[in-house]
Amino acid sequence: MGGEGGGEGDVAEEKVMDISLKDLAKKLEEFAKARDWEKYHSPRNLLLAMVGEVGELSEIFQWRGEVDKGLPNWEESDKEHLGEELSDVLLYLIRLADICGIDLVDAATKKIVKNSIKYPPKIC
Ligand SMILES: Nc1ccn([C@H]2C[C@H](O)[C@@H](COP(=O)(O)OP(=O)(O)OP(=O)(O)O)O2)c(=O)n1
């Protein structure tokens with residue numbers, strides 16, 4: 001199950017396993033390669049695609065007013081839709097970082113440290 005070079009269908013089977021951002025980046029690279037879409041996956045195109053997906057994500061919340069944490073009153077289908085749009089944003093972000101040669105886990109870990117220095121915890 002899973003492992004290097006696993007097909008697209010393997011993602012669901014790997015649900016219970018830890019999948020790293022690197023694994024997802026590899027799957028996205030394989031997805032693009034298999035369709036000869038690498039030529040379209042330039043940094044600018046990926047950025048625009050990601051922003052487009054952020055727009056689709058925003059539409060889900062549009063006109064709903066404030067939404068309670070955990071989305072208690074939402075239909076399951078709406079929650080599923082939300083999960084898909086969040087995933088599209090994440091996947092384009094991962095692909096964008098990969099294409100730009102940015103190690104997202106490393107960069108994000110360093111940024112969290114930087115944030116904690118900039119905003120020290122409140123001492124009561
Ligand atoms: N050139 C492309 C096109 C799509 N995808 C992948 C990344 C996203 O996860 C998903 C986006 O697919 P769609 O553009 O079909 O967007 P949606 O799934 O949101 O469909 P729709 O816009 O019809 O709701 O597919 C990709 O990697 N490269």
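**Basis.** I worked from a predicted model, in which local features need pLDDT of at least 70, side-chain atom pairs count only at pLDDT 80 or more, and totals for chains, interfaces and linings use all residues. Residues are numbered from 1 along each chain as its sequence is written.

**Helix 4.** I located helix 4 at residues 76-99, 24 residues in length; helices are DSSP runs of H or I with at least four residues, numbered from the N terminus. From first to last C-alpha it reaches 34 Å, close to the 34 Å expected, the expected span being 1.5 Å times one less than the number of residues. After the helix comes Gly101, with a positive phi near 75°.

**Burial.** I noted Tyr92, Ile94, Arg95, Leu96 and Asp98 as buried in helix 4, that is, with 20 or more other C-beta atoms, placed from the backbone, within 10 Å of their own. These buried residues pack against helix 2 (21-34), helix 3 (43-61) and helix 5 (104-118).

**Tyr92.** I counted Tyr92 as buried because 22 other C-beta atoms lie within 10 Å. Leaving out residues up to four places away in sequence, Tyr92 touches Leu46, Ala49, Met50 and Glu53; contact requires C-beta atoms, placed from the backbone, within 7 Å. Glu53 is 39 residues from Tyr92 in sequence, and their C-alpha atoms are 8.6 Å apart.

**Ligand shell.** I listed Phe31, Trp37, Tyr40, Glu56, Asp88, Leu91 and Tyr92 around the ligand, each with its C-beta atom, placed from the backbone, within 6 Å of it. Helix 4 gives the largest share of this shell, 3 residues.

Note on methods: Helix = DSSP H or I, 4+ residues; strand = E, 2+ residues; numbered from the N terminus. Buried ≥ 20, exposed ≤ 12 C-beta atoms within 10 Å, placed from the backbone. Contact = placed C-beta atoms within 7 Å.
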